[in-house]
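Thank you all for coming.

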Amino acid sequence: MAEEFMYKVVLVGDENVGKTSILIRYTEKRFVESYKPTLGTDFAVKVVELMGDDNRRKSVKLACWDLGGQEQYRTLRRFYLSGARGCFIVFDVTNPGSFEHVVNWYSDVMNICGEVPCFLIGNKTDLKNDRRISKSVGSELANKLDLKFFETSAKTGDKVDDVFELMAKKLYEKYMM
Ligand code: G3D
Ligand code: MG
């Protein structure tokens, strides 16, 4: 029998950066071209299988929360972030405003969640011609904030599985070891 652990993980970032698309890509292995944000919080549970140092299988359940189009409401944000054990701060590599706001999302996360494992994600890397934030600029900010940095495309699926798998591993190491 594998041991099971469940953690709340949140995706934060400006509206339209691709949070819902990343979650759908990871949990359903598809990209929905015409996804329209729903009201309230979208939610998906995904199980990641890990091999522990003791050579026993660990099932880490990620309960992923995504603010469905409600990014702008501060009070809702607090509720949504509270109790999160891990966090993805997402920006859109074609949208400099979403990158500038990363620091605001970061301070919300630190204030409400404390020092939880947190990754910075630059999404929409498939839009090569529209890219405005280079990988090195993204990586520099991640270093400054002491976050691990990834670039993803919810559209092609590039690196999407990796970020969730690494998060599961980090959560297991932080909270269970
Ligand atoms: P949000 O949940 O952060 O608000 P969404 O963002 O997941 O709703 O995505 C916003 C828009 O960006 C959607 O387009 C979606 O299809 C698109 N998108 C998300 N991720 C990617 C990506 O990796 N590449 C590309 N090319 N587009 C992406 P619409 O047209 O529905 O507004
Ligand atoms: Mg959304």
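Let me begin with a question: is Asp158 buried, partly exposed or exposed? Asp158 is partly exposed, with a relative accessible area of 37%, where buried means under 20% relative accessible area, exposed over 50%, and partly exposed in between, using a 1.4 Å probe and the protein chains only.

Before I go further, a word on the conventions. This is a predicted model, in which local features need pLDDT of at least 70 and side-chain atom pairs count only at pLDDT 80 or more, while totals for chains, interfaces and linings use all residues. Residues are numbered from 1 along each chain as its sequence is written, chains are lettered from A and ligands numbered from 1 in the order in which they are written, and side-chain values use heavy atoms, with hydrogens and water left out.

Staying with that residue, Asp158 forms a salt bridge with Lys159, and their closest N and O atoms are 3.9 Å apart; by salt bridge I mean a side-chain nitrogen of Lys or Arg within 4 Å of a carboxyl oxygen of Asp or Glu. Lys159 is partly exposed as well, at 38% relative accessibility, and it has a positive phi of about 65° although it is not a glycine. Lys159 sits in the loop between strand S6 (148-151) and helix H6 (160-176), and here helices (H or I, at least four residues) and strands (E, at least two) are DSSP runs numbered from the N terminus.

Now for the overall layout. The protein has 6 helices and 6 strands, and read along the sequence they follow the pattern β-α-β-β-α-β-α-α-β-α-β-α. Of its 177 residues, 49% count as buried.

Another positive phi in a residue other than glycine is found at Asn55, where the value is near 65°. Asn55 is placed in the loop between strand S2 (41-51) and strand S3 (57-67), and with a relative accessible area of 63% it is exposed.

Let me return to the charged pairs, of which the count comes to 7 salt bridges. In general, side chains of opposite charge can pair when their charged atoms come close. One such pair is Arg77 with Asp108, whose closest N and O atoms are 2.7 Å apart. Because Arg77 lies in helix H2 (residues 74-81) and Asp108 in helix H4 (residues 102-113), this pair ties together parts that are 31 residues apart in sequence. Both Arg77 and Asp108 are buried.

A further salt bridge joins the side chains of Asp92 and Lys124, at 3.2 Å from N to O. This pair links distant parts of the chain, with Asp92 in strand S4 (residues 86-92) and Lys124 in the loop between strand S5 (118-123) and helix H5 (135-145), 32 residues apart. Asp92 counts as buried at 4% relative accessibility, whereas Lys124 is partly exposed at 22%.

Which residues come nearest to ligand 1? Of the 20 residues around it, these are Asn16, Lys19, Thr20, Ser21 and Asp126, a residue being counted as near if one of its heavy atoms lies within 4 Å. A polar side-chain atom of Lys19 lies 2.8 Å from a ligand oxygen, and a polar backbone atom of Val17 is 3.3 Å from one. Taken alone, ligand 1 exposes 650 Å², and the protein buries 83% of that, with areas from the Shrake-Rupley method and a 1.4 Å probe.

Helix H1 (residues 19-28) gives the most to the shell around ligand 1, with 3 residues. Since 8 of the 10 residues of H1 are buried, this helix is largely enclosed by the rest of the structure; Lys19, Thr20 and Ser21 are among the buried ones. After H1 comes Lys29, whose phi is positive, near 60°.

I will finish with Asp14, in the loop between strand S1 (3-12) and H1. Asp14 is buried yet has no salt bridge, and the nearest side chain of opposite charge, Arg77, is 6.9 Å away.

Note on methods:
Polar contact = N/O pair within 3.5 Å; in protein donor to acceptor, adjacent residues only side chain to side chain. Lys, Arg positive; Asp, Glu negative; His and termini not counted.
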